[in-house]
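This briefing is for a reader who is new to the structure shown below. Please look over the sequence and the model before reading the points.

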Amino acid sequence: MKIKNGYLLRTIADTNIVVPVSERVIEFKGMITLNDVSADIWRFLETEREFEEVVTYMIAEYSIDKEVAKRDLKVLLSQMKENGILEYDK
Amino acid sequence: MINNEKARAWESADSTFAAHCARRHIPLRGTFELTPRCNFHCKMCYLHQTSEEINLRGKRELTTNEWIKIAEDAINAGTLNLMITGGEPLLRDDFATIYNEINQMGFIIGLNTNASLLDEKYYRLFSKYPPSTVSVTLYGADRETYRRITGNEGHFDNTVKGLEYLKDIPTSLDIKVTFIKDNYHKLDRIRETANRYTDRFAINYMVFKPVPGVSSEAESCRLSAKECLNIDISNRKYYYELRKKTGTENEYDPAASENDPHRDYGLDIYPEVLTCLAAKAAYWISWDGRMLPCATFDEMATEPLKEGFSEAWNRLPELFAGIRHPEECVKCEHFYTCPNCPAYFFAETGSYDTVSPYICDMVKERTKSDKQEDSRRRPQDKTAKQCKTINNTD
């Protein structure tokens, strides 16, 4: 899975903001704000990743339990899916 | 319609974020005035210039690459909302090139246009890469009104054609109308025409004298204070009744006037003399490449292409160091409800510290009307106030 092309993560006034550009404006109006950890994972997901790969990254980066990493990642991914931001490698 | 609802939610979040940026002096909102040229010749326009007039003044519009360079610098400096305007921006031969470039950069883009030049070519461009918002200026609901205001009755047909194209583009469409003597009595018909395309209808009735070097008939065609108020009240009443019928009183108010004073935030941020976010979180790049706080402050400018974008932005507030509201204005009982921006004073009187009778009349007329409305609508409040006075006397 990865973030679809056409979503730009910007940091303005210490705020992480995702802006749709080009044709993505058709499917997503407005913007998304992310906290620093979500923004970090967003950047990690800008290239194709497996679920377990992201979990491993989170454990290494934030020194958290595997269960906590899995739970938090599921929440984030479900929000991303809900907004049609992710694409999956067929 | 779904897009409009999302846009409304975003607008509310945007205001909060704008205040956050103003406190950090981040240039969140930019406007690129691509050209002062326009295919319309509106009698009240503050900006309109022909190619010949531009040449005669020894000036030139920025090139394609200069606009793209400024856009790149703006992104790096933190600009999120970018409004593209003119003149008529679609008049530039290189509009599509500039638009395609800046569209990829990460702005939330708005477009101001009179819609009359929208054709198949632009329809294809905006269908593929739609601006988040498009604001169309409408001048009338018939050919004769267009002839009297814009100089050509055919502009009406072309505008309607453009609006038909826009109807099918996935963008949030606003229609804005400036009222002058020529379209004053046509509010209902104009709004009816606008509502065929969008419920986002805004009115403007304040018409200022043109920027230096430009001639217009602003003073002879603009409405009196009483007429301005009448048209504002009439539009608000229409939408109030409509929203009451549909139970949407708490949603976006299409009747909100462009002329409502915006004092919710920014007043305590330097330079305090500016009562909006200009030079705090907003800027305007003029067609000849100067950075202004807004279109009306034509005399106060920095030079982003010469001194660098960030330097120009950082220097902008300093230009207002010596400017204060006129003493008469500060002492006035209407100070906090008046659109007493020094830019308006300058446009009207040629001086930042001279009070403008045009603005004063407008505010006094509104206050008089508000008081009448208050006493008509809330007799119970009046009674309560009288009781309090009696108690205090005791």
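The model is predicted. Chain B holds an open sheet of 8 strands, and chain A holds an open sheet of 3 strands. The largest nonpolar core has 94 residues, and the structure holds 34 salt bridges over all chains.

**The sheet of chain B**

- The 8 strands of this open sheet follow the order β6-β5-β4-β3-β2-β1-β7-β8 in chain B, with mixed pairing.
- At its edges are β6 (201-204) and β8 (291-292) of chain B, each of which pairs on one side only.
- Strand β2 (residues 81-85) of chain B runs parallel to strand β3 (residues 108-113) of chain B, and 4 bridges join the two.
- I84(B) has L111(B) opposite it in β3(B).
- On to the next pair, β3(B) and strand β4 (residues 133-138) of chain B are parallel and share 4 bridges.
- The residue in β4(B) that bridges to L111(B) is V134(B).
- Between β3(B) and β4(B), the chain passes through helix α5 (residues 120-128) of chain B, in a right-handed β-α-β crossover.
- β4(B) also pairs with strand β5 (residues 172-178) of chain B, in the parallel sense and over 6 bridges.
- Here V134(B) faces L173(B) in β5(B).
- Helix α3 (residues 64-77) of chain B lies across β1 (29-33) and β7 (282-285) of chain B, and its direction makes an angle of about 175° with β1(B).

**The sheet of chain A**

- The 3 strands of this open sheet are ordered β2-β3-β4 in chain A, and their pairing is antiparallel.
- β2(A) and β3(A) form an antiparallel pair with 6 bridges.
- R10(A) has I17(A) as its bridge partner in β3(A).
- As background, the strands of a sheet pair through backbone hydrogen bonds, in a parallel or an antiparallel way.

**The nonpolar cores**

- In the largest core, of 94 residues, the members that touch the most others are F32(B), F95(B), F107(B), F126(B), L166(B), F201(B) and Y283(B).
- α3(B) gives the most to this core, with 7 residues.
- Apart from neighbours within four places in sequence, F107(B) contacts V19(A) as well as A71(B), A74(B), I75(B), T79(B), L80(B), L82(B) and I102(B).
- A second, separate core has 23 residues, among them I32(A), F44(A), L45(A) and M58(A).

**V21(A), a loop residue**

- V21(A) sits in the loop between β3 (15-20) and α1 (24-27) of chain A.
- V21(A) counts as buried because its relative accessibility is 6%, under the 20% limit.
- Leaving out residues up to four places away in sequence, V21(A) touches G6(A) and L8(A), and also N103(B), Q104(B) and G106(B).
- The C-alpha atoms of V21(A) and L8(A) are 7.2 Å apart in space, and the two residues are 13 places apart in sequence.

**Salt bridges**

- In general, side chains of opposite charge can pair when their charged atoms come close.
- K70(A) forms a salt bridge with E52(A), with 4.0 Å between the closest N and O atoms.
- This pair links distant parts of the chain, 18 residues apart: K70(A) belongs to helix α4 (residues 66-82) of chain A and E52(A) to helix α3 (residues 51-62) of chain A.
- K70(A) is partly exposed at 22% relative accessible area, and E52(A) is partly exposed at 37%.
- K167(B) and E164(B) form a salt bridge whose closest N and O atoms are 3.1 Å apart.
- Both residues, K167(B) and E164(B), are in helix α7 (residues 154-167) of chain B, 3 residues apart, or about one turn of the helix.
- E365(B) and K368(B) form a salt bridge with a closest N to O distance of 3.6 Å.
- Helix α15 (residues 357-377) of chain B contains both E365(B) and K368(B), 3 residues apart.
- E365(B) is buried, with 14% relative accessible area, whereas K368(B) is partly exposed at 48%.
- A network of salt bridges links R37(B), E61(B), R92(B) and D94(B).

Terms used
Residues numbered from 1 in each chain as written. Chains lettered and ligands numbered in written order. Predicted model: local features only at pLDDT ≥ 70, side-chain atom pairs only at ≥ 80, totals over all residues. Heavy atoms only, no water. Buried < 20%, exposed > 50% of the residue type's maximum accessible area, 1.4 Å probe, protein only. Contact = heavy atoms within 4.5 Å. Pairing = 2+ DSSP bridges. Axes fitted to C-alpha atoms, helices over the stretch in contact; angles between N-to-C directions. Right-handed = clockwise from strand over helix to strand, strands pointing away. Core = buried A, V, L, I, M, F, W, Y, C linked by side-chain atoms within 4.5 Å. Salt bridge = Lys/Arg side-chain N within 4 Å of Asp/Glu carboxyl O.
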